[in-house]
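Dear colleague,

I am passing on the structure below, and I would be glad if you could look through it with the notes that follow.

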Amino acid sequence: MEENLREGERVDQLQRNGYVIIQDPQRFCFGMDAVLLSGFAQVKEGERALDLGTGTGIIPILLEAKTKGRHFTGLEIQPESADMAKRSVALNHLESKINIVNGDLKDASRIFGASSFDVITTNPPYMIGNHGLVNGNSAKTIARHEVLCTLDDLLREAARLLPPKGRFYMVHRPFRLSEIMCKMTEYGIEPKRMRLVYPYADREPNMVLLEGLRGGRPRLTVEKPLIIYQQKGVYTDEIYEIYGY
């Protein structure tokens, strides 16, 4: 296993099918948002799914473990992250099920072709402008801030990549919810399902999970809240279930 690692990298267990993932703490490690999205997204038997901005490939790997989808692709602009994702796929012997492509999300529909996936997932950068911006070129900044792509880029490409009735899944921050809903509708991806994520039952939500339908009719279902902690350091039963513990 060690021959697959570069300096500073580590291998983490994913608690699903014995799968592992290569990560570099100096660059960016996946968070709970990616795991929650993998539990919220639905990939049905025989479907093809694309994860936009896949980072080190966590979402395609988890979706392969959790669903009966036929094939999974991850698109990542940063060569080092894409390389880690490819090595993680190989480490799990998933080359026939998962493909990692190093490319720009803004060119996704040109790279793959229109209406080429049944499902799109994404855990995009949340922050806009210069809020909290330190280093505009660091891997962590690119993952957290809209430096290399915007919400418009993401939704435009997702709409092109999905056929009519294709499904779109995203995790984001509630403070941008109004903008997200408007832009999803603008690009022809109708919001159909939403779930707010709360750190504790008595706190404000800090994440939102969204499902959209390409060309769908207006009707939004708001699911029951997802609570992360029942007390400090102790997850709720649902979170343990999503993680696979």
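A residue is called buried when its relative accessible area is under 20%, exposed when that area is over 50%, and partly exposed in between, with a 1.4 Å probe and protein chains only. By that criterion, buried residues make up 51% of the 245 residues in the chain.

Please keep in mind that this is a predicted model, in which local features need pLDDT of at least 70 and side-chain atom pairs count only at pLDDT 80 or more, while totals for chains, interfaces and linings use all residues. Residues are numbered from 1 along each chain as its sequence is written, and side-chain values use heavy atoms, with hydrogens and water left out.

The chain has eight helices and 13 strands, these being DSSP runs (H or I of at least four residues for helices, E of at least two for strands) numbered from the N terminus. Counting as a contact any heavy atoms within 4.5 Å, residues 24 or more positions apart account for 70% of the contacts in the chain with a separation of 6 or more.

Strand E4 (residues 71–76) has six of its six residues buried; His71, Thr73 and Leu75 point one way, and Phe72, Gly74 and Glu76 the other. In a regular strand the side chains alternate between the two faces of the sheet. Taking strands as paired if DSSP finds at least two bridges between them, E4 pairs in the parallel sense with strand E3 (residues 48–52) over five bridges, with arginine 48 opposite histidine 71. Five bridges also join E4 to strand E5 (residues 98–102), again in parallel, and here glutamate 76 stands opposite asparagine 102.

Two right-handed β-α-β units involve E4: one is made by E3, helix H2 (residues 58–66) and E4, and another by E4, helix H3 (residues 79–91) and E5. Right-handed here means that, with the strands pointing away from the viewer, the path from the first strand over the helix to the second runs clockwise.

Strand E7 (residues 167–172) is likewise mostly covered, with six of its six residues buried. Strand E6 (residues 119–122) runs parallel to E7 and is joined to it by four bridges, valine 119 having arginine 167 as its bridge partner. With strand E9 (residues 207–214), E7 pairs in the antiparallel sense over six bridges, and tyrosine 169 stands opposite glutamate 211.

Finally, the structure holds zero disulfides, a disulfide being a pair of cysteine sulfur atoms within 2.5 Å. Cysteine 29 is partly exposed, at a relative accessible area of 23%, whereas cysteine 149 is buried, at 13%.

With best regards
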